[in-house]
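Here is a friendly note to read with the structure open beside you. Take the points one at a time and find each residue as you go.

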Amino acid sequence: FTASTGSTGWTGPSNIKDIGSDQLTIQYKNITPNTLYDCKGGRISANSNEWVVERYFVRLSSNIAGEFALACDAGRVDANGLVTSTFSGNGEIMVPAVDQFKVLLGTQTGVNELTYLPPKTYLELTDKPSITTVKIGIIVRSNTPLIVDGDKDTFTILGKPQTLKANSTGKKYYRRSYESTVLLRNARIMALTGVSVSK
């Protein structure tokens with residue numbers, strides 16, 4: 001997980017005034033008996049010992065000048081930490097016409113204690129609690145401009161107001177914000193730590 005700003009972070013482009021996009025990096029193993037595929041379509045062998053690393057980020061679209069898109073790049077790391085498949089850089093576009101991409105990390109220190117933190121705040125913690133959920137928010141834009149006057153230019157993502165830049169790629173487009181929360185597998189383990197067995 002990487003923050004959008006800060007000495008330990010990465011600055012991502014966006015069409016939002018004074019707020020950069022975040023990027024989300026995840027790693028996992030295919031421990032299933034089935035073949036899987038990463039976000040670029042790369043084959044992940046069943047029961048592989050390699051770590052799959054995927055990075056989701058906002059970049060300029062190669063299709064339309066001045067337009068951003070949510071892309072994903074993928075690589076591999078072996079059990080010894082050696083890179084076996086490098087990142088190609090640009091990645092594959094997952095969602096076109098994205099003006100903003102934000103992430104919040106849900107941390108759980110107890111059964112009934114869940115706090116959502118920006119990635120930058122989490123990275124600065126000395127004692128980092130387990131991440132059990134990830135909240136993702138995006139602002140997406142229509143492919144064709146509106147015939148009538150421009151759509152609204154202020155949106156709310158993950159509880160924060162977001163305003164389009166004055167020079168963003170055309171305000172006469174239909175835009176909407178979307179949010180989703182992903183529960184991670186280790187959330188189930190965390191939930192069990194607070195369960196006591198009565199005799």
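1. Start with Asp 73 and Lys 40, which form a salt bridge with their closest N and O atoms 3.3 Å apart. A salt bridge here is a side-chain nitrogen of Lys or Arg within 4 Å of a carboxyl oxygen of Asp or Glu. Asp 73 sits in strand E5 and Lys 40 in the loop between E2 and E3, so this pair ties together parts that are 33 residues apart in sequence. Strands (E, at least two residues) are DSSP runs, numbered from the N terminus. Asp 73 is buried at 1% relative accessible area, while Lys 40 is partly exposed at 30%. Buried means under 20% relative accessible area, exposed over 50%, and partly exposed in between (1.4 Å probe, protein chains only).

2. A word on the model: it is predicted, so local features need pLDDT of at least 70 and side-chain atom pairs count only at pLDDT 80 or more, while totals for chains, interfaces and linings use all residues. Residues are numbered from 1 along each chain as its sequence is written, and side-chain values use heavy atoms, leaving out hydrogens and water.

3. How many salt bridges does the structure hold? There are 6, and one of them joins Arg 141 to Glu 67 (3.0 Å, N to O). Arg 141 is in strand E10 and Glu 67 in the loop between E4 and E5, 74 residues apart. Arg 141 is buried, at 8%, and Glu 67 is buried too, at 5%.

4. Next, look at Arg 175 and Asp 99, whose side chains meet in a salt bridge (2.4 Å, N to O). Arg 175 belongs to strand E13 and Asp 99 to strand E8, so the pair ties together parts 76 residues apart in sequence. Both Arg 175 and Asp 99 are buried.

5. Now for the disulfide, meaning a pair of cysteine sulfur atoms within 2.5 Å. The count is 1, and the link joins Cys 39 to Cys 72, with 2.0 Å from S to S. Cys 39 lies in the loop between strand E2 (36–37) and strand E3 (43–44), and Cys 72 in strand E5, 33 residues apart. Both cysteines are buried.

6. Finally, the largest nonpolar core has 18 residues, and among those touching the most other members are Leu 24, Tyr 56 and Phe 101. Such a core is a set of buried Ala, Val, Leu, Ile, Met, Phe, Trp, Tyr and Cys residues joined through side-chain atoms within 4.5 Å. A second, separate core of 7 residues includes Ile 16 and Phe 155.

Conventions. Helices (H or I, at least four residues) and strands (E, at least two) are DSSP runs, numbered from the N terminus.
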